[in-house]
Amino acid sequence: MKFTKMFLSSLALLSLSVSSLFAAPLDDFRLMTEEYPPFNMKGPDGVATGIAVDVLMGMVDRVGSSKKAEDVEILPWARAYNEVQTTPKTSLFCMTRSEEREPLFAWVGPISPTRVVAMALKSKGLKISSEENLRGLVAGVIKDDIGDQLAAKARIEKIDRTACNEQNIKKLVSGRIDIWIYEESVAQWQIKDLGYAPDDFETVFVLSSGELAYAFHKDTDPSVIEQLQAALDGMKADDSYQAILDKYLK
């Protein structure tokens, strides 16, 4: 009887080890995003949607993972940014892939090209020709976003940090900040979504051009990254990636 119990216990442990060995990539990962339309956002049913979410779900299908859009958590950026740096088996998207961030994460991408810009009201008539012209302005940013990092790098003296871009847009309109530093296409989407006239705003300076990507905790198994990258590359090679872009951008 004792032998039988030991045998069954060993068999159970072996079964667990084998199932873990062959677990599909991402099955035990925590997937995090933020409100960043049209790339990631909360749908009418409360479930994450958008370009990056749909592309990720396409990758998930190709690697055989059981993850669904319902598993994607929509969190404040600063909280999720800290989590993906400190907790293994986590991912955060979309993230601008910058020189400073490159060694901090494992990456899959690109999802899309991106520009981080300073936006202002056209009525202010700002003329910005260099980063030096930005230093005396009040800049609104999302805390720990790439815009926050670029504002600090440009040595802007007055940086107004918040967790919500609705606040940044309202502060821009009311004159409480001079410029809003954020990803250009997302900024334009959010301005329109909040009911403001996009033609009342303009890009006055480009701080950075790069790409958006999926960021993973830096200790993520390289084989997981390789499988996901191959899945993304495969989607770009056929019509599935372009079909997702067309769904949101046309």
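Which strands and helices do the buried residues of helix 5 pack against? In this predicted model, the buried residues of helix 5 pack against strand 6, strand 7, strand 8, strand 9, helix 6 and strand 10.

The residues concerned are Asn165, Asn168, Ile169, Lys171 and Leu172. Viewed down the axis of helix 5, these buried residues fall within an arc of 160°, so they line one face of the helix. An α-helix has 3.6 residues a turn, so residues three or four places apart point the same way. Just after helix 5 comes Gly175, which takes a positive phi of about 85°.

Lys171 leads from helix 5 to a neighbouring element. Its relative accessibility is 8%, and Lys171 counts as buried, because buried means under 20%. Lys171 forms a salt bridge with Asp160, and the closest N and O atoms are 3.0 Å apart. Asp160 lies in strand 8 (residues 158-162) and Lys171 in helix 5, so this pair ties together parts that are 11 residues apart in sequence. Asp160 itself counts as partly exposed, at 21% relative accessibility. Side chains of opposite charge can pair when their charged atoms come close.

The structure holds 13 salt bridges. One of them joins the side chains of Lys247 and Asp54, at 3.1 Å from N to O. Lys247 is in helix 8 (residues 240-249) and Asp54 is in helix 2 (residues 51-63), so the pair ties together parts that are 193 residues apart in sequence. Lys247 is exposed, with a relative accessible area of 56%.

Another salt bridge is formed by Lys124 and Asp178, with the closest N and O atoms 3.2 Å apart. This pair links distant parts of the chain, 54 residues apart: Lys124 is in the loop between strand 6 (105-121) and strand 7 (138-142), and Asp178 is in the loop between helix 5 (165-174) and strand 9 (179-183). Lys124 counts as partly exposed at 37% relative accessibility, whereas Asp178 counts as buried at 15%. Elsewhere, salt bridges that share partners join Arg30, Glu73 and Glu83 into one network.

A polar contact of 2.9 Å joins the side chains of Asp54 and Tyr248. Leaving aside neighbours within four places in sequence, Asp54 is in contact with Thr49, Ile244, Lys247 and Tyr248.

Phe93 lies in strand 5 (residues 90-96) and Tyr214 in strand 10 (residues 201-217), so the pair ties together parts that are 121 residues apart in sequence. Phe93 is buried, with a relative accessible area of 0%, and Tyr214 is buried with a relative accessible area of 0%. Elsewhere, Tyr36, Phe39, Trp180 and Tyr182 form one aromatic cluster.

A last stop is Asp148, in helix 4 (residues 146-153). Is Asp148 buried or exposed? Asp148 is buried, with a relative accessible area of 6%. Its side chain and that of Arg161 are joined by a polar contact of 2.9 Å. Apart from neighbours within four places in sequence, the residues in contact with Asp148 are Val141, Ile142, Lys143, Ile159 and Arg161.

Key:
Residues are numbered from 1 along each chain as its sequence is written. This is a predicted model: local features need pLDDT of at least 70, side-chain atom pairs count only at pLDDT 80 or more; totals for chains, interfaces and linings use all residues. Side-chain values use heavy atoms; hydrogens and water are left out. Helices (H or I, at least four residues) and strands (E, at least two) are DSSP runs, numbered from the N terminus. Buried means under 20% relative accessible area, exposed over 50%, partly exposed in between (1.4 Å probe, protein chains only). Rings of Phe, Tyr and Trp (its six-membered ring) pair if their centres lie within 6.5 Å; planes under 30 degrees apart count as stacked, over 60 as edge-to-face and the rest as tilted. A polar contact is a pair of N or O atoms within 3.5 Å; within protein, one must be able to donate a hydrogen and the other to accept it, and residues adjacent in sequence count only if both atoms are side-chain atoms. Contact means heavy atoms within 4.5 Å. A salt bridge is a side-chain nitrogen of Lys or Arg within 4 Å of a carboxyl oxygen of Asp or Glu. The arc is that of the directions from the helix axis to the C-beta atoms.
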